[in-house]
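Hello,

Here is the structure I said I would pass on. Please open it first, then read my notes below with it on the screen.

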Amino acid sequence: MGVGTAFPPSSGVGWEKRGRAMTRILQTSFWIMVITLVSKFLGFFRETAIAKYFGATSEADAFFVAFSIPGVLLSTVVAAVGTTFIPVYERLDGDKRDRYLANLTNIVGLFSLFLFVVSYLFAGPLVRLFAPGFPEDTFALAVRLERIFLLTVLFLGYTALFSAYLQVKGKFLFPAAVGIPFNLILVGTLFAVGSRLGIVGFTWIAVVATFSQFLLLVFPLFRVGYPYRPVLDFREEGFRQTLVLFSPVVIGTAASQVAVMVDRMLASGLPAGSVSALNYANKLMQFTYGVLATSLFVVLFPHFTRIAAREGTAELSRTLRRTLEGLVLFLLPVTAGSVVLALPVVQVLFERGVFTREATTITAPLFALFSLGLFGLSLRDLWMRAFYALQDTRTPMWNSVLAVALNIALNLLLVGPLGAQGLALSTSVSFTVAAFLLHRDLQRQIGSLWDEDLRAALFRALLATGGLTLALLPVPYVFPYDSRFFTRLLLLFAIITLGAALYAFLLYVLGDPTVRRVVEHGRRRILALRGKSPREMWESGKRLFLERLRS
């Protein structure tokens, strides 16, 4: 079996098998989390390197706007393909599955080519739409960079489709790792030649790095068996089912991208560097989200789909309840820590080269405000995946439209008095409102998700998070901002580690069963190692690692 083969057949399994299935899901999620962590750390090296060599300048603003446009244009299709492919594929069988995959591959390629040609011809109006406040020199540079970046449109759709196919086959390793070659190429280039290639040369490197994501999926794709055939049939059964689910997902995702576009438009009219500061702060928040939430959702979505199709809403509700309990325990302290430690985190990660102390003071509050929406963002995406597993794409669509309308209204209301901070706060509020609306509608379909255990877990997590917050409050005022980089890095790591230990200790004192099980498991492992030599402990750990990797 591959690394991600985590799911036994759902129908007819007993509680013991369900428990083992969830354990395997968590194990698979752990390895995806490790891969995601490596990828995200490389992504932060990328962002800090860009900040070092290009800073929060008008040149960097042009790069980030141009870089975002292909993603915004194609994200609606990419999200819809990844979301609708798995439920439709699961409900087909035999040759119908192969024909559906081959047909969708050709349709995605045809659409990507069409989008590339149209977007290339209208690159100027697109940049003006996304950044109407750019002065003429920044606008001209953004148009030039945009025409280069549009080449990525030709293979981003394939990357999304092939990732979804590998996930439905239980192969999660390579889709999770696509960010690693992308970031390695960009970071390696910046550390090798710095800014000597200029922003245009660096843009070409970014295109090559994006293509490497597609290449990474080719080998595992054919290893699991990729049934390509030259077929183009818009009336094929699977494609027709996809269209039924597709339109609401496209509308909902497009609505979210409209909010992103409005953010960029309003930020482009703010002082120079605002677009870059928002980008760095949002990427920092997305790092946390990607490691803690996305790695779990990637594995759970196919599992949700199987449960909804074969076991019904009662089992889906039970699985969602336990997932929510885990998110509460992990994300509440992370949110609090991100808000309180925003200034030292941004200063340690970004402040070097042309990213000055002034840029740090602009970016840190934005990161804190984006972090306020971390929990809402995670819950929103969890509830959306539950709806998609139930083949209900309309409810998430309407909720997304309402949340985006609120986001835009708050943007227009707050950008005047608060500037870029108003944009970040509006985004967090919209995430939280979207999560609330989806939670309300989901409970109408599958019943209440809140039982006594979940309420108790939330209460304990809130108390422990409150204690952690009080302990961290003095840190930004006493942090040695002017000391050497590695001193600051090690100190920040120590503070985060001690904070995590304090939070776990508080949960243990409050009687949280999950933490107590982990402590008891660790105690038994330590006792089992007593009397063994260092070599025996090394061999035991290596054997356990290889067993987990093979499973």
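Arg394 counts as exposed, because its relative accessibility is 54% and the cut-off for exposed is over 50%. Please keep in mind that this is a predicted model. Arg394 belongs to helix H16, which covers residues 394–418. If you look for Phe246, you will find that 148 residues of sequence separate Phe246 from Arg394, while their C-alpha atoms are 9.7 Å apart in space.

Next, the core. The largest nonpolar core has 146 residues, and the members that touch the most others are Phe85, Leu320 and Trp383. Helix H11, residues 274–310, supplies the largest share of this core, with 19 residues. Where does this core lie relative to domain 1 and domain 2? It lies between them, because domain 1 (26–265) and domain 2 (270–511) both give residues to it.

Then there is the second largest pocket. Its space comes to about 280 Å³. The lining consists of 17 residues, and those closest to the centre of the pocket are Leu332, Phe375, Gly376, Leu379 and Thr432. Which of the elements gives the most to the lining? That is H12, with six residues. Sorted by class, the lining has 13 nonpolar residues and four polar ones, and no charged residues.

Helix H9 runs over residues 198–223, which makes 26 residues. From the first C-alpha to the last, H9 reaches 40 Å, close to the 38 Å expected at 1.5 Å a residue. After H9 comes Gly225, which has a positive phi, near 100°.

Helix H20 runs over residues 485–509 and has 25 residues. Its reach between the first and last C-alpha is 36 Å, close to the expected 36 Å. Which residues of H20 are buried? They are Arg488, Leu492, Ile495, Gly499, Tyr503 and Leu507.

Regards

How values were computed. Residues numbered from 1 in each chain as written. Predicted model: local features only at pLDDT ≥ 70, side-chain atom pairs only at ≥ 80, totals over all residues. Heavy atoms only, no water. Helix = DSSP H or I, 4+ residues; strand = E, 2+ residues; numbered from the N terminus. Expected span 1.5 Å × (residues − 1). Buried < 20%, exposed > 50% of the residue type's maximum accessible area, 1.4 Å probe, protein only. 1 Å grid on protein atoms, 1.4 Å probe; cavity = no way out; pocket = protein on both sides within 12 Å on 5 of 7 lines; lining within 4 Å. Points joined across faces, edges and corners; volume = space filled by probe spheres on them. Nonpolar A, V, L, I, M, F, W, Y, C, P; charged D, E, K, R; others polar. Core = buried A, V, L, I, M, F, W, Y, C linked by side-chain atoms within 4.5 Å. Domains from an automatic or database assignment.
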